[in-house]
Amino acid sequence: MKRLVQAMCLSAVLIATPAYAEPQITVLGEFEERPGNPAIGPDGTIYFSVHPFDQPEFKVMQLVGSEGVPFPTPEISRSFAAVIGIQVEQDGTVWILDMGSAETSPKLLGWDVQNNILKAVHYLPDEVNVANSFHQDFAIDEVRRRAFIADMSRGGIIDASNPAIVVVDLDTGQTRRVLEGHESLQPEAGATMIAEGEPLTFTDEQGNSYPVELGLNPIAIDAQNEWVYFSTIHPGTLYRIPAETLGNFAIDEADLAAAIAPFAAKPSSDGIAADGQGRVYITNVADNAISIADETGTRIWVQDSRFVWPDGVYVAPDGSVVATINQLNRAAPFNGGTAGAEPPFLIIRIQE
């Protein structure tokens, strides 16, 4: 009888325990130029930047079928200096972060897709930049109308590390640079960036190679506009801070720093995205994978030999995850001075 009861209990557990399907990977597009970050509109339209490493003619694209079409127009797409960061609001407004150049100021441009018109342009003034600013990615708080820009600094990869978060009021254009040089924004000592099993190095024009140690890079906000998550590109810690606090122009630096809390350990990663269930998706460049971090820790979600430097990641309205794969570690500066990438580069969708 005891064995029968045990067997019945085991059967009940097996029936009650859900079977988790292996995530399905779909290649949405194959490209000769590296895609940077993806972004997805409320109608499912996919937009993406084209990585500056390729010095592309068109800096922002819309995915039409499996092809990239310049967005919002060929003239405007061509006019940007360099773009990595791109985001879409629930009303369909596409925000594009132009990193600027020696001749042009960095700016945040909003395009009204519904009416196909320019909605806003917010230039980033000198007061929120440093000499080697690298405005790489950003997140949007739709409740408080704020953009949070990750300025990694180190525009020369191995120069001074002065990372900071730039806060932009999307209605007024008011800007503020905060937390510059804070320890949570700096690469952690003793950790080594790994890609394809090798330490990542940067080779300059003279052929000298240096270890890569990069600070603040990926940044994201959850679907509730409650928490802003951020981390270095370096392996270390994923942090978070309340969006209400980070977006408060009146709060002082000490209170901002006190509001930062560690969330989870993370691998070398170039992009993150947060959903509405407390999960943060991480592009895991060390393991050719996409990882998930939540309050229980960090784990590999999906791993594939094709995932050579997963770069940007975005949670779609249907709950699937879209990511770019661009072999950035095989670009000449990170590959001993010799280009070693093997196109095509990919945009993929992952769905359970």
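## The main nonpolar core

In this predicted model, the largest nonpolar core contains 25 residues. Those with the most contacts inside this core are Phe48, Val60, Phe71, Ile86, Val94 and Ile96. Seven strands each supply at least two of its residues: E1 (24–31), E2 (35–40), E3 (46–50), E4 (60–64), E6 (83–88), E7 (94–98) and E8 (107–112). Strand E3 gives the largest share, with four residues. In soluble globular proteins, nonpolar side chains tend to be buried together.

The surroundings of Phe48 can be listed in detail. Beyond residues up to four places away in sequence, Phe48 touches Phe31, Pro35, Asn37, Pro38, Lys59, Val60, Met61, Gln62, Leu63, Gly68, Ile86 and Ile347. Two of these partners, Val60 and Ile86, are also listed among the core residues with the most contacts.

Phe71 is placed in the loop between E5 and H2. Its relative accessible area is 5%, and Phe71 is therefore buried, the limit being under 20%. Leaving aside neighbours within four places in sequence, the contacts of Phe71 are Tyr47, Val60, Met61, Gln62, Ser77, Val94, Ile96, Trp111 and Val113. Lys59 lies 12 residues from Phe71 in sequence, and their C-alpha atoms are 8.3 Å apart.

The peptide bond that joins Phe71 to Pro72 is cis, with omega near -5 degrees. Pro72 belongs to the loop between strand E5 (67–70) and helix H2 (74–79).

Leu256 is part of helix H4, which covers residues 253–258. With a relative accessible area of 0%, Leu256 is buried. Apart from residues up to four places away in sequence, Leu256 touches Arg176, Val178, Leu179, Ile241, Thr245, Leu246 and Ile251. Leu256 and Leu179 are separated by 77 residues in sequence, while the distance between their C-alpha atoms is 7.6 Å.

Ser268 occupies the loop between strand E21 (261–266) and strand E22 (269–274). Its relative accessible area is 2%, so Ser268 counts as buried. When neighbours within four places in sequence are set aside, Ser268 is in contact with Thr192, Met193, Ile194, Ile233, His234, Pro235, Thr283, Asn284, Val285 and Ala286.

## Other backbone features

Most residues other than glycine have a negative phi, and most peptide bonds are trans. Several positions in this chain depart from those patterns, and they are described here.

Arg145 is not a glycine, yet its phi is positive, at about 60 degrees. Arg145 sits in the loop between strand E10 (135–141) and strand E11 (146–151). Its relative accessibility is 17%, and because the limit for a buried residue is under 20%, Arg145 counts as buried.

Gln327 likewise has a positive phi, near 55 degrees, in a residue other than glycine. Gln327 is found in the loop between E27 and E28, and at 7% relative accessibility Gln327 counts as buried. That loop, between strand E27 (321–325) and strand E28 (345–351), also holds Pro344. The peptide bond from Pro343 to Pro344 is cis, with omega near 15 degrees.

## The chain as a whole

The chain contains four helices and 28 strands. Along the principal axes, the C-alpha trace spans about 85 × 50 × 45 Å. Of the contacts with a separation of 6 or more, 50% are between residues 24 or more positions apart.

Buried residues account for 54% of the 352 residues. The accessible surface amounts to about 15400 Å², and carbon and sulfur atoms contribute 50% of that area. As for charge, there are 20 positive and 47 negative side chains, and the centres of these two sets are 6 Å apart.

Methods
Residues are numbered from 1 along each chain as its sequence is written. This is a predicted model: local features need pLDDT of at least 70, side-chain atom pairs count only at pLDDT 80 or more; totals for chains, interfaces and linings use all residues. Side-chain values use heavy atoms; hydrogens and water are left out. Buried means under 20% relative accessible area, exposed over 50%, partly exposed in between (1.4 Å probe, protein chains only). Contact means heavy atoms within 4.5 Å. Accessible areas come from the Shrake-Rupley method with a 1.4 Å probe; for residues, only the protein chains shown count as cover. Lys and Arg count as positive and Asp and Glu as negative; His and the chain ends are not counted. The place of a charge is taken as NZ of Lys, CZ of Arg, CG of Asp or CD of Glu. A nonpolar core is a set of buried Ala, Val, Leu, Ile, Met, Phe, Trp, Tyr and Cys residues joined through side-chain atoms within 4.5 Å.
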